[in-house]
Amino acid sequence: LLAALISMNLAILNILPIPALDGGHLMFMLIEKIMGRPLDEKVIEKISSIFFTLLIILMIFIVFNDITLLIKK
């Protein structure tokens with residue numbers, strides 16, 4: 001049950017429209033379908049790098065928050 005719960009949680013987080021994850025690739029494909037032409041590679045690269053940086057910052061913040069909570073106990 002725990003393995004299934006972790007697997008489903010990972011699948012839900014992976015489908016979020018963050019360009020560093022699979023949901024981001026789906027988002028770019030949807031935008032291309034709506035526009036009728038492919039997006040410029042430079043634009044995709046810049047958007048992906050910005051969101052990847054934000055994702056790393058979020059992960060660092062979460063780890064820092066968890067460590068401070070452990071220290072306070």
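Predicted model: local features only at pLDDT ≥ 70, side-chain atom pairs only at ≥ 80, totals over all residues.
The expected span used here is 1.5 Å times one less than the number of residues in the helix, and helices (H or I, at least four residues) and strands (E, at least two) are DSSP runs, numbered from the N terminus.

Residues are numbered from 1 along each chain as its sequence is written, and side-chain values use heavy atoms, with hydrogens and water left out.

Now to the chain as a whole, which has three helices and zero strands and follows the pattern α-α-α along the sequence. The radius of gyration of the protein chain is 17 Å, well over the 11 Å that the globule rule gives for 73 residues, so the chain is more spread out than a compact globule. That radius is taken over C-alpha atoms, and the globule rule is 2.2 Å times the number of residues to the power 0.38. Along the principal axes, the C-alpha atoms fill a box of roughly 55 × 30 × 15 Å.

How much of the protein chain is buried? Buried residues make up 10% of the 73 residues, where buried means under 20% relative accessible area, exposed over 50%, and partly exposed in between, with a 1.4 Å probe and protein chains only.

Helix 2, which runs over residues 22–35, has 14 residues and reaches 20 Å from its first C-alpha to its last, close to the 20 Å expected. Which residues of helix 2 are buried? They are Gly23, Gly24 and Phe28, and they cover an arc of only 145° around the axis, which puts them on the same side of helix 2. The arc is that of the directions from the helix axis to the C-beta atoms. On the other side of helix 2, Leu30 and Lys33 are exposed. What covers the buried residues of helix 2 includes helix 1 (2–14) and helix 3 (41–72). Finally, helix 2 is followed by Gly36, whose phi is positive, near 85°.

Technical notes
Contact = heavy atoms within 4.5 Å.
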